[in-house]
Amino acid sequence: NDGDGTCRPSSGSFQRSRVERASETGKDAYAVYHAKHRSLGTVSSGQKRQPETFLSEVNFVSKFALLLFGGELELANNAIVVDGWLKFKVSSDEEGARQNA
């Protein structure tokens, strides 16, 4: 395991306010990235910096973009599964009508 990827704040793709809004509203809460990198760690002025994993070229996408372009879709019970691992719950027209009544 190479650890969780983080976005460096100095990165041009880092969007702290958008991440905070996504966690509050659930809108555009999915991040996609081009590459995952691992630094080697450095020694500077007698201090050792640990290796870290970071992501590059990070963008945020909606669930609709993932459904359209995320990979193979399959239906399983009351969910749509994208690419064999990302699940979105769905309801039938009857269930939706009962919830909106």
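Because the model is predicted, local features need pLDDT of at least 70 and side-chain atom pairs count only at pLDDT 80 or more, while totals for chains, interfaces and linings use all residues. Residues are numbered from 1 along each chain as its sequence is written, and side-chain values use heavy atoms, with hydrogens and water left out.

The structure holds one aromatic pair. Its members are Tyr30 and Phe88, arranged edge-to-face with 5.7 Å from centre to centre and 65° between the planes. This pair links distant parts of the chain: Tyr30 sits in strand S1 (residues 30–32) and Phe88 in strand S9 (residues 86–89), 58 residues apart. For the rule behind this, rings of Phe, Tyr and Trp (its six-membered ring) pair if their centres lie within 6.5 Å; planes under 30 degrees apart count as stacked, over 60 as edge-to-face, and the rest as tilted.

## The overall layout

The protein has three helices and nine strands. Helices (H or I, at least four residues) and strands (E, at least two) are DSSP runs, numbered from the N terminus. Reading from that end, the elements follow the order α-β-β-β-β-β-β-α-β-β-β-α.

Of the 101 residues in the protein, 18% are buried. Among contacts between residues at least 6 apart in sequence, 40% join residues at least 24 apart; a contact means heavy atoms within 4.5 Å.

## A sheet of three strands

Strands S7, S8 and S9 make an open sheet in the order S7-S8-S9, with antiparallel pairing. Strand S7 (73–76) and S9 stand at the edges with a single partner strand each, so one side of each has no neighbour in the sheet. On average, neighbouring strands are turned by 25° against each other, direction ignored. The axes behind that angle are lines fitted to C-alpha atoms (for helices, over the stretch in contact), and angles run from 0 to 180 degrees between N-to-C directions.

Two strands pair if DSSP finds at least two bridges between them. Four bridges join S7 to S8, and four join S8 (residues 79–82) to S9. Across the second, Val81 has Lys87 as its bridge partner in S9, and Ile80 stands opposite Phe88. Both faces of S8 are covered, with buried Ala79 and Val81 on one side and buried Ile80 and Val82 on the other.

## Two turns with positive phi

S7 and S8 form a hairpin with two residues between them. Asn77 lies in this loop and has a positive phi of about 50° although it is not a glycine. With 84% relative accessibility, Asn77 is exposed.

The hairpin of S8 and S9 has three residues between its strands. In that loop we find Asp83, whose phi is also positive, near 55°. Asp83 is partly exposed at 45% relative accessibility. For context, most residues other than glycine have a negative phi.

## The core and its surroundings

Which residues make up the largest nonpolar core? There are five: Val61, Leu66, Val82, Leu86 and Phe88. A nonpolar core is a set of buried Ala, Val, Leu, Ile, Met, Phe, Trp, Tyr and Cys residues joined through side-chain atoms within 4.5 Å. Not counting residues up to four places away in sequence, Val82 touches several residues, including Leu66, Leu67, Leu73 and Phe88.

Leu67 belongs to helix H2 (residues 63–69) and is partly exposed at 22% relative accessibility. Leaving aside neighbours within four places in sequence, Leu67 contacts Leu73, Ile80, Val82 and Phe88. The C-alpha atoms of Leu67 and Leu86 are 9.6 Å apart, although 19 residues separate the two along the chain.

## A single salt bridge

How many salt bridges are there? The count is one, taking a salt bridge as a side-chain nitrogen of Lys or Arg within 4 Å of a carboxyl oxygen of Asp or Glu. It joins Arg49 and Glu52, with their closest N and O atoms 3.4 Å apart. Arg49 is exposed at 53% relative accessibility, whereas Glu52 is partly exposed at 24%.

Definitions and conventions: Buried < 20%, exposed > 50% of the residue type's maximum accessible area, 1.4 Å probe, protein only.
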